[in-house]
Amino acid sequence: MDKPQMNEKTTDDLEKLRGHIDNVDQQLLHLLRKRLDLVGQVGAVKHAAGVPIYAPEREASMLAKRREEAANMNVSPQLIEDILRRLMRESYLNEKDVGFKQVKADLGHVVIVGGEGKLGGLFSQMLRLSGYQVKSLDKDDWQRAEAIFDGAGLVIVTVPISITCELIASKLGQLPESCILADLTSIKAKPLDAMLTVHKGPVVGLHPMFGPDVGSLAKQVVVVCHGRGQESYQWLMEQIKIWGARLVEADAQKHDKAMQLVQAMRHFSSFVYGLNLYREAADIDNLLQFSSPIYRLELAMVGRLFAQSPELYADIIYAQRESLTAIGDYLDNYSQALELLKSGNRQGFIDQFEEVANWFGDFAPQFQRESRAMLQSVNDMKAG
Ligand SMILES: O=C(O)C(=O)C[C@]1(C(=O)O)C=C[C@@H](O)C=C1
């Protein structure tokens, strides 16, 4: 394609207008600085009062007002909403730096078993930001364990799933009865049982539904499976809410069943997807060249798995024997669907599609709307 011709006037006009745009962008930058400073002050007020970092009602009313004002100014309401949501993500990080109110000042210290792991590190940081003294106990510290546990008010176990129950049973039997015992494992029934068996005091199972790289807990979900003595660890739930997370109370068995689909089956199929690309010797550069944003997003979801630890995913996938059924069912459904294809039964495929679409119901259009925003972000990130 020929390069468009730029005459002198076009060049001058563009330069002048771009100068004005630079100027507006610089003003935006100053306004951003001003907003960040104000948010810092909000963070300090919230810190003093123990108010959660995430204020959903305020966000909803602010977004509704700005959308209305935007529409009146002939600015896309979605544009201002996108910008404000991005800014609020920044606020969560900013307000976090101020620290958080400490709900339980007379706790004694916290011990994080597996504190050198990434999730342990995140909880340790959040607890420290809230004024608690945190001691880490990792693989090489067991000979000093007695001293580390002495006077602890809360012990949090966050070690690989494959060794969690064993470790709880063999190492955590001597805690004082007043000490709270908690775990962050991504399965809940067995660790909860192990903790209840070995410890006479308060017990709670937690499953943070996010990776350790979130930056802030605002809007993240932490699943809570009650063990015993809720009144003793109610403060911990309040503390997690102050960090901005939403608590979802769940039955451990039900949670674990959901994990067979949400984690084991899902991660396993991502693994197979990657395995297949590898065996097909797919040229990723080439695939990216031809990929629509949705394919790119999918490739990113699969590829990110292989940027992480194989042990972590093995642990998640092997955690429950029952996941084999969920994964086996998936394989059966895949084979049955493949039969439709092999037999050239196009109408059969369409009928099956419609049956599933009906089952998804209102979720299908909701997911379409949500993914549209994600796909636009994927496109925005392209450079050059
Ligand atoms: O108004 C607040 O409470 C804030 O913390 C500020 C702010 C914002 O950036 O506007 C950030 C987080 C809250 O969820 C709501 C709003």
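These exercises work through a predicted model of a protein chain and its ligand.

**Exercise 1. Describe the overall build of the protein chain.**

Step 1. Take the secondary structure. The chain holds 15 helices and seven strands.

Step 2. Take the extent. Along the principal axes, the C-alpha atoms fill a box of roughly 80 × 65 × 40 Å.

Step 3. Take burial. The chain has 384 residues, and 24% of them count as buried.

Step 4. Take the contacts between residues at least 6 apart in sequence. Of these, 69% join residues at least 24 apart.

**Exercise 2. Find which residues surround the ligand, and which helices supply them.**

Step 1. List the shell. Val39, Val42, Tyr54, Ala55 and Arg58 belong to it, along with Glu59, Leu87, Met88, Ser91 and Glu95.

Step 2. Assign the helices. At least two shell residues come from each of helix 1 (8-49), helix 2 (56-72) and helix 3 (77-97). Helix 3 gives the largest share, four residues.

Step 3. Sort by class. Six shell residues are nonpolar, three are charged and one is polar.

Step 4. Compare with the record. An unreviewed UniProt entry places the feature "domain: Chorismate mutase" at residues 8-99. In the model, that span is 87% helix and 0% strand. Its end C-alpha atoms are 56 Å apart.

**Exercise 3. Divide the chain into domains and characterise the contact between domain 2 and domain 3.**

Step 1. The assignment gives domain 1 as 13-97, domain 2 as 109-249 and domain 3 as 255-380.

Step 2. Count the contacting residues. Domain 2 contributes ten and domain 3 contributes nine.

Step 3. Look at the domain 2 side. Helix 6 (161-171) and strand 6 (221-228) each supply at least two of its residues. By class, this side has six nonpolar, three polar and one charged residues.

**Exercise 4. Is helix 14 largely in the open or buried, and how does its span compare with the expected one?**

Step 1. Check the span. Helix 14 covers residues 346-360, 15 residues in total. From first C-alpha to last, helix 14 reaches 21 Å, close to the 21 Å expected at 1.5 Å a residue.

Step 2. Check burial. A residue needs 20 or more other C-beta atoms within 10 Å of its own to count as buried. In helix 14 the number of buried residues is zero, so the helix lies largely in the open.

Step 3. Look past the end. Gly361 follows helix 14, with a positive phi near 55 degrees.

Technical notes. Residues are numbered from 1 along each chain as its sequence is written. This is a predicted model: local features need pLDDT of at least 70, side-chain atom pairs count only at pLDDT 80 or more; totals for chains, interfaces and linings use all residues. A residue is near a molecule or strand if its C-beta atom, placed from the backbone, lies within 6 Å of it. Ala, Val, Leu, Ile, Met, Phe, Trp, Tyr, Cys and Pro count as nonpolar, Asp, Glu, Lys and Arg as charged, and the others, Gly among them, as polar. UniProt positions are given in the numbering used here, feature names are shortened, and annotations may be inferred rather than shown by experiment. A residue is buried if 20 or more other C-beta atoms lie within 10 Å of its own, exposed if 12 or fewer, and partly exposed in between; C-beta atoms are placed from the backbone. Two residues are in contact if their C-beta atoms, placed from the backbone, lie within 7 Å. Domain bounds come from an automatic or database domain assignment. The expected span of a helix is 1.5 Å times one less than its number of residues.
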